[in-house]
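Please open the structure in your viewer and keep the selection tool at hand. We will go from one stop to the next, and at each stop you will be told what to select and what is there.

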Amino acid sequence: MAANIESTPKSVQEMAVNGQDPPEKYFYKGSDLDIDAPVPLINVSVIDICLLTYPSTRPQELHKLRSALTYWGCFQVVNHGMTNSFLDQVREAAKNFFALPIEEKKKYSRESDSIEGYGNDMVVSENQTLDWTDRLYLTFTPQHQRQLKFWPQNPPAFREILQEYFVKSQEINEIVLKAMASSLNLEENCFLEQYGEAEGALMTARFNYYPPCPRPNRILGVKPHADASAITILLQDKQVEGLQFLNGNHWFKVPIIPQALLINAGDQIEIMSNGIFKSPVHRVVTNSEKDRITLAVFCIPNSDKEIKPVDALIDESRPRLYNNVKDYVSLYFQYYQLGKRPIEGAKI
């Protein structure tokens with residue numbers, strides 16, 4: 001990865017609190033911004049994990065899952081093993097962290113050559129457009145990569161809550177990857193085998209804080225991108241919308257279901273499924289009145305594993321679309337910051 005052009009910019013939270021006019025580097029340059037255009041809601045399928053376990057209801061849920069991932073690349077999941085009250089605890093812990101004084105948060109600041117810790121965009125290009133968001137980025141697995149110095153001790157319950165959330169997310173990841181394979185009439189472990197053992201795979205959390213933005217018609221919370229993961233599990237803000245998915249040439253906003261988790265396919269599952277499942281391009285829009293907090297957990301295959309289209313999904317009618325890839329995430333962030341899609345490099 002290229003060396004940083006500059007150190008971490010001032011937090012957007014500080015700029016918002018001070019009423020500061022955002023610098024030009026936050027203004028999105030793409031021609032597809034068009035925030036004023038009407039954005040319809042996605043009719044996202046809601047998958048009930050309990051119904052996946054019963055023979056009588058499983059086929060219908062698998063059909064819904066396949067349809068959702070083929071068309072939208074995402075779905076909402078309920079009965080996922082986390083209670084509403086626990087999800088509220090997670091949201092509250094995140095809210096309390098971002099409400100801390102800036103000097104307290106800076107104890108967990110990321111280093112200039114790393115994304116882990118508290119901060120915002122790593123600057124790799126002078127022409128880079130910055131996102132209107134502050135983040136806390138943490139690694140859960142592999143265990144030896146976990147850096148507890150970045151795990152906040154304030155608020156006091158933060159670490160304990162996050163640990164439980166990660167463990168539950170691992171369970172959901174396994175269930176979902178098996179269901180994805182079954183929905184394509186594949187052996188249920190075939191995606192998991194490429195993903196690798198849970199402790200060897202990379203699982204990271206990114207808490208996102210989007211303060212009110214003075215120029216929501218020109219600035220994005222997160223610029224358009226797709227994820228490098230196999231799947232991404234998102235806990236949305238309970239009240240404030242902001243996430244939008246691209247389908248065709250149109251943006252669609254994601255509805256909030258407070259007790260649900262939103263799951264989207266990442267580039268690596270698109271490769272494994274030989275392009276049947278879509279890794280959707282998505283963005284986060286800002287607003288001038290309300291802050292918004294979300295938590296994304298990225299489930300990323302073991303970097304030692306080679307990712308490739310499953311043989312059973314390749315035939316004359318659907319030729320192989322992707323090359324084998326290894327440690328896909330290593331180049332991802334550089335591509336992302338430059339506004340490019342790394343999956344293009346994997347296509348045959």
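Begin by selecting helix α4 (84-98), which gives the most to the lining of the second largest pocket, with seven residues. Helices (H or I, at least four residues) and strands (E, at least two) are DSSP runs, numbered from the N terminus. Before going further, please keep in mind that this is a predicted model, in which local features need pLDDT of at least 70 and side-chain atom pairs count only at pLDDT 80 or more, while totals for chains, interfaces and linings use all residues. Residues are numbered from 1 along each chain as its sequence is written, and side-chain values use heavy atoms, with hydrogens and water left out.

A pocket is found on a 1 Å grid over the protein atoms alone, as an open set of points with protein on both sides within 12 Å along at least five of seven lines, whereas a cavity is a set of points where a 1.4 Å probe fits but cannot get out; lining residues have an atom within 4 Å of a point. The second largest pocket holds about 390 Å³ of space, where a volume is the space filled by probe spheres set on the points, and grid points are joined across faces, edges and corners. Its lining has nine nonpolar, four polar and seven charged residues. In this count Ala, Val, Leu, Ile, Met, Phe, Trp, Tyr, Cys and Pro are nonpolar, Asp, Glu, Lys and Arg are charged, and the others, Gly among them, are polar. The elements that give two or more residues to this pocket are α4 and β12, and β12 is the next stop.

**Strand β12 and its partners**

Select β12 (292-300). Are its nine residues buried or exposed? All nine are buried, that is, under 20% relative accessible area with a 1.4 Å probe and protein chains only, where exposed would be over 50% and partly exposed lies in between. In a regular strand the side chains alternate between the two faces of the sheet. In β12, R292, T294, A296, F298 and I300 lie on one side, and I293, L295, V297 and C299 on the other.

Next show β5 (202-210), which runs antiparallel to β12 and is joined to it by nine bridges; two strands count as paired if DSSP finds at least two bridges between them. Along this pairing, Y209 has I293 as its bridge partner, and M203 stands opposite C299. β5 also pairs in the antiparallel sense with β4 (residues 134-141), over seven bridges, and there Y137 stands opposite R206. The nine residues of β5 are buried as well.

Then select β7 (231-235), which is joined to β12 by five bridges and runs antiparallel to it. Here I231 is paired with C299 of β12.

**An enclosed space**

To find it, select R206, L234, L243, H282 and A296, the closest to its centre of the 18 lining residues. Which strand gives the most to this lining? It is β12, with four residues. By class, the lining divides into nine nonpolar, six polar and three charged residues.

**A four-stranded sheet**

Now select the open sheet whose four strands follow the order β6-β11-β8-β9, with antiparallel pairing. Its edge strands, β6 (220-225) and β9 (250-253), each pair on one side only. Between β6 and β11 (residues 282-285) there are three bridges, and V222 has V284 as its bridge partner.

**Two last stops**

Select helix α6 (residues 158-183), whose 26 residues should span 38 Å at 1.5 Å a residue; its end C-alpha atoms are 36 Å apart, which agrees. The expected span is 1.5 Å times one less than the number of residues. Just after α6, N185 takes a positive phi of about 60 degrees.

Finally, centre the view on L130, in the loop between β3 (117-119) and β4, which is buried with a relative accessible area of 3%. Show F27 beside it: L130 and F27 are 103 residues apart in sequence and 7.7 Å apart in space, C-alpha to C-alpha.
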